[in-house]
Amino acid sequence: MDRVAKRSTSLPSSRKGLHGNKLVGNPDSTIKMHIQVPDKSAGSTHTDPEDAVSHLQPDLHTATGRRDIRDRSLAIPLPIRPDPQIVRQTSSHQDNGNVNYIKIWELDQAGRGFIALKDADRLPLVLLKTRSSITPKQKRSLQKAFHQNLIGLYGFQSDGSNITFIYRLELLAVSLACVSNSPRVQFSESDAATISKEVLLGLDYIHSELEIIHGDIDCANIVLNTDGEVKIANIGDSMIRGIDLSSRNHDLRGTGKIIANLIDPTTRITGEPILCDEVAHSISSITSDFIKKATEGTTAKALLKHNFLSIATPTGSWSLKPLVVNALPFAIKFGKHLEDGS
């Protein structure tokens, strides 16, 4: 006869018998479960509670036989594993110094950086950017930053006065400066409004949540990926600068200049958001008014209510995809390949 019999067994939810004569829990409730236990002899109807536990916990067996369960605070011990989400939320913004990053390619993505593999589960790709001469006070101001219109900052590694920012890698992403200078790309007012809206959403996060200003909003620090997403780059540098919100008009003036640069290329030469007469007479009044309001100084929240943004793509920035794809041959710049990962 098969020495393993399947039977329905009721295990008491109280722990009487496992804790001497002390009763723990509700004595009237039972937990029914199907388990397999070995018969001590043919026809036996006896069920040993420790046999049940041993079959539910196969790792308690050793090569020399079954190991006794000394801690009987639970009738059926269950492994407790930390929630990965909680671990991520409570982890420090400074990456463990023992974590190794293997540099693969040098890359220009809104500034010089390196595509790297993190020496961890699934080998995640990241973008590394190193900065030098960082003071302890500046290090204390650094924090993680994530927003749909921001290149995410996972954290940093410190080496003396040098730090390496660990950014999310945006594959096939190019700066707005590269896109706007590409010969096959021309921006409409709707395109400019879409970019402006996405940039302002990112700035609102930086001003409201991080409570700093970016300080360097221009076409070189705005990145577009092949999904058409618009992201503000180099937020780590903004944290190092640590400029407070009293200067946030600087970011908004930068946004106004971006729109002027996209609509009128001559403003890229002058450096001022003053449209030439021909362009000024050809664009709508709400576009001109937006550039004026942005350069005069206000808040990101106020500009997000401007009528100019009503001509932006209402369901996101996917409409920018053709512009990015047309610019790729002129914009993607890989540097040297790092053979030894250093």
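**Figure 1. Overview of the predicted model.** Of the 342 residues of the protein chain, 39% count as buried. The model shown here and in the following views is predicted. The secondary structure of the protein chain comprises 12 helices and 13 strands. When contacts between residues at least 6 apart in sequence are considered, 64% of them join residues at least 24 apart. A search of the whole structure for disulfides finds zero.

**Figure 2. The largest nonpolar core and the surroundings of Ile235.** The largest nonpolar core contains 66 residues, and those with the most contacts inside it are Leu176, Leu203, Ile206 and Ile235. Helix α5 (residues 189-210) supplies the largest share of this core, namely nine residues. Both domain 1 (100-168) and domain 2 (174-331) take part, each giving the core at least three residues. Apart from this core lies another, of five residues, among them Tyr101, Val126, Leu128 and Ile166. In soluble globular proteins, nonpolar side chains tend to be buried together. Within the largest core, Ile235 is one of the residues with the most contacts. When residues up to four places away in sequence are not counted, Ile235 touches Ala145, Leu150, Ile151, Leu153, Tyr167, Ile206, Leu210, Ile212 and His214.

Figure 3. The buried residues are Asp251, Leu252, Gly254, Thr255, Gly256, Ile258, Ile259, Ala260, Asn261, Leu262 and Ile263. Arg253 also lies in helix α7, but this residue counts as partly exposed because its relative accessibility is 33%. Arg253 and Thr295 are 42 residues apart along the chain, yet their C-alpha atoms are separated by 4.1 Å. Beyond the residues up to four places away in sequence, Arg253 touches Ala294 and Thr295.

**Figure 4. Lys301 and its polar contact with Asp204.** Lys301 lies in helix α11 (residues 300-303). With a relative accessible area of 47%, Lys301 is partly exposed. The side chains of Lys301 and Asp204 are joined by a polar contact of 2.7 Å. Setting aside neighbours within four places in sequence, Lys301 is in contact with Asp204 and Ser208. Leu200 is 101 residues from Lys301 in sequence, while the two are 7.8 Å apart in space, C-alpha to C-alpha.

**Figure 5. Thr313 in the loop between α11 and α12.** Thr313 is found in the loop between α11 and α12 (321-331). Although placed in a loop, Thr313 counts as buried, because its relative accessibility is 9% and the cut-off for buried is under 20%. The side chain of Thr313 makes a polar contact of 2.6 Å with the side chain of Ser319. Apart from neighbours within four places in sequence, the residues in contact with Thr313 are Thr194, Lys197, Trp318 and Ser319.

Methods: Residues are numbered from 1 along each chain as its sequence is written. This is a predicted model: local features need pLDDT of at least 70, side-chain atom pairs count only at pLDDT 80 or more; totals for chains, interfaces and linings use all residues. Side-chain values use heavy atoms; hydrogens and water are left out. Helices (H or I, at least four residues) and strands (E, at least two) are DSSP runs, numbered from the N terminus. Buried means under 20% relative accessible area, exposed over 50%, partly exposed in between (1.4 Å probe, protein chains only). Contact means heavy atoms within 4.5 Å. A polar contact is a pair of N or O atoms within 3.5 Å; within protein, one must be able to donate a hydrogen and the other to accept it, and residues adjacent in sequence count only if both atoms are side-chain atoms. A nonpolar core is a set of buried Ala, Val, Leu, Ile, Met, Phe, Trp, Tyr and Cys residues joined through side-chain atoms within 4.5 Å. Domain bounds come from an automatic or database domain assignment. A disulfide is a pair of cysteine sulfur atoms within 2.5 Å.
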